[in-house]
Amino acid sequence: MIKLNDISIRNKLILMQVFTSVVVFGIVFGVFIITDISSYKQRKADSMISLAQVIGTNSISSIQFQDPESATEILQELHTVAPEIIHAAITNDEGEIFANYSKSGLDSFKIPAYILRNRSSVFTEHQLFVANPIVSNNKVIGKVYLEVQLTELQQIKEYKYKIAIVLLLVALVFSFLIALLIQSYISKRLLKLVKTMKNVRKTGEFSKPVNDTGKDEIGTLTKAYNLLMEEIEESQRKKDEFIGIASHELKTPLTSIKGYVEMLNLMEDDPTKKQFVGKALGNINKLESLVKDLLDVSKIQSGQLQLNMNEFNMDELIDEAIAASQVNTGTHQIIREDHPGNEIIYGDKQRIEQVLLNLLSNAIKYSPGESKVIVDTKKNEKEFIIKIKDNGIGVPAEEQLEIFERFYRTKDISIHISGFGLGLYICRDIINRHYGRIWVESTGKGSIFYFTLPLKHTLSTQQTEV
Amino acid sequence: MNTLFKKYFLLIFLCPFCGSLSAQQNAEQEANLKAAFIYNFTKYIDWGSYEHGNDFIIAVAGESPITQSLQEIARTSRVDDKIMIIKKVARPSDIDDCNILFITKECRYPLDFLLKKAGPGVLTISEEDGFAERGTAFNFVILNDRLKFEANLKAISSAGLKAGAQLLKLAIIVD
Amino acid sequence: MNKILVVDDDLDILSLVELILKMNNFNVAAISRWEDIYNKMEEFKPDLVLLDVMLNGADGREICKNLHLDKETKNIPVVLFSANPEMGKFIKDCNAQDFVAKPFEMSSLLNTIKAHVN
């Protein structure tokens, strides 16, 4: 069942136009044909009545002098004069047949009853019956009846129907072509709107208004859409602003809490109390890092994240990051497998450190205790590749791109992993800004996170590319 | 000549064509029919300059039942809006001003005499075989049990009259 | 003993920093109202000022600039103090010496101050 709403507007418009054309033309042709045929019939009837009139006049004397032969002679003339007349008869004033004529090969005339009832002409499907009184001295002395074969009419009808159908088909084709051209005007604007909407969903750029200056419904729709987009953009901005403010506001009391708890830590000797304080401190640090991540995300979203670019020693940074991460894990072993060189990288040292710390922290978080985390590096002529391998739960293939999205947490609910799910999103942004790449390869037995950083000499070309 | 037939009422205009004659009834019918014919003749004859007077006079020569039929017609009908007068003519010398001279078969007078007396402007009608050849304009004959009439074109034209084609086409032309 | 002037409108943070610095043998003056800075500077004559950026009704960077313009105070090092890590970029603009982010590691705070105090 085809629903009207499922047909594209383009097709609906075309259908509508074609349908309208066909209906209108059909009606017009119909009317024309009907009036044509009507007037043809009228003219035919009139001319036959005239003929009957003439016959009648010429038969007056035959009737007056009771000479049916002469009347019959007149009727016989019809054979040549009006071959479409198949029967003719002259009756007297009492209705009895005085003279009659039938075209060769046909039975004699039977005057239909309805003719006798004072009608001068009657059309049946194939014949025309005509009756005309014979008047002499203002008195009706008889009647002339004619039966006319309407073959000509049949032919005319067929011809006209054929022409009408041909013209109708022509009209159909033309209206289809015209509709095809015209509909694009409407559907083009609509499709442009749809395309923009799809794009916005993909890129998240809400600020691109659709340009449409029409005052019709599509124009109104476009304006409403643009306004809506503005509102969304505004609310996005407010949200980001809020995140920024919120994280800033959160940091102030955090500062106090952290400071005082650290003091407590220094001052407390009692082992139990020290343990408690230690737990509090650990969580304060977690909290602090979550708040920082939130702020980073807000900056990335609003395009405010800026890098402090400098040259630094990558190998040293890796060692530092490993050392810092090792402190946070009891049982994991973080091992460096490559041969450390002294690779100098141009980038934001603090941010790259952030990436390393994040990846290492993930490796520790998502793999069981006492397992190994392996750090490896490689270098080719274009880039420096860092690899962090763990033996954890791995990342399913369908999630390997999604994990870098905001707020993405693993779908595996059997494990509870803390955090907002922002870390990889921030890492990706940082690495992208360095013109590097970040990705994961994974089986069920563990994951390998890779990221690349361009070597110094390739940077200038990279920058123009992106 | 005697065959059965239906009875028709014959007034002026319409007669069915089936007819044959039998005895008294038939005689009456024949008279009526002939009178009707005579009356109808007037519709097709042009008297031209011979039209005169306010009345239309049909002179009937001889004692004939047709006279009565003519008189009946004359009661209700007119010729050219003129009152019809049926005049009995006993002797030829009585024939003077008339439009039609009807010579009945009862008339004993010689035809030539009557014709001479009739003169121009008079339509002569007879009902005796051979009279048309002898000079009457129209002559009734019975053919196949049907009433027909002969027409003598020369007689018509020498009387200075014109006969319409519609009439002549029905007549048996005799010369 | 080096004299440190701490300016922050958050009283808890103010006390905390004062405590930490005192524990590390600094002579500390702590004020929460930035309007009092000039008077305090004159009275206390600090060797370094730890200056919060987001003050009630004032921007620490502006104050820092003004301090540098003033003949009396232009040689006193200023360390900016803020929860907004971006503030680190403004050090040069307002003639501050360094920047400490909130929340801070105690060691980090102490090291920075020790580094710049003359």
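Let's start with strand 8 of chain A (residues 344–347), where A:Ile345 and A:Gly347 form a covered face and A:Ile344 and A:Tyr346 an uncovered one. Strands here are DSSP runs (E, at least two residues), as are helices (H or I, at least four residues), numbered from the N terminus. This is a predicted model: local features need pLDDT of at least 70, side-chain atom pairs count only at pLDDT 80 or more, and totals for chains, interfaces and linings use all residues. Residues are numbered from 1 along each chain as written, chains are lettered from A and ligands numbered from 1 in written order, and side-chain values use heavy atoms, without hydrogens and water.

Strand 8 runs antiparallel to strand 6 (residues 310–313) of chain A, with 4 bridges joining them; strands pair if DSSP finds at least two bridges between them. A:Tyr346 is the bridge partner of A:Glu311.

| Chain | Residues in the contact |
|---|---|
| Chain A | 16 residues |
| Chain C | 20 residues |

Together the two chains bury about 1700 Å², 66% of it on carbon and sulfur atoms; this is the accessible area (1.4 Å probe) lost on being put together, summed over both parts. The count is 1 salt bridge, a side-chain nitrogen of Lys or Arg within 4 Å of a carboxyl oxygen of Asp or Glu. A:Lys258 and C:Glu105 meet in a salt bridge at 2.6 Å, N to O. On the side of chain A that touches chain C, helix 5 (217–267) and helix 6 (271–301) each give two or more residues, and helix 5 supplies the largest share, 12 residues.

Terms used
Contact = heavy atoms within 4.5 Å. Buried < 20%, exposed > 50% of the residue type's maximum accessible area, 1.4 Å probe, protein only.
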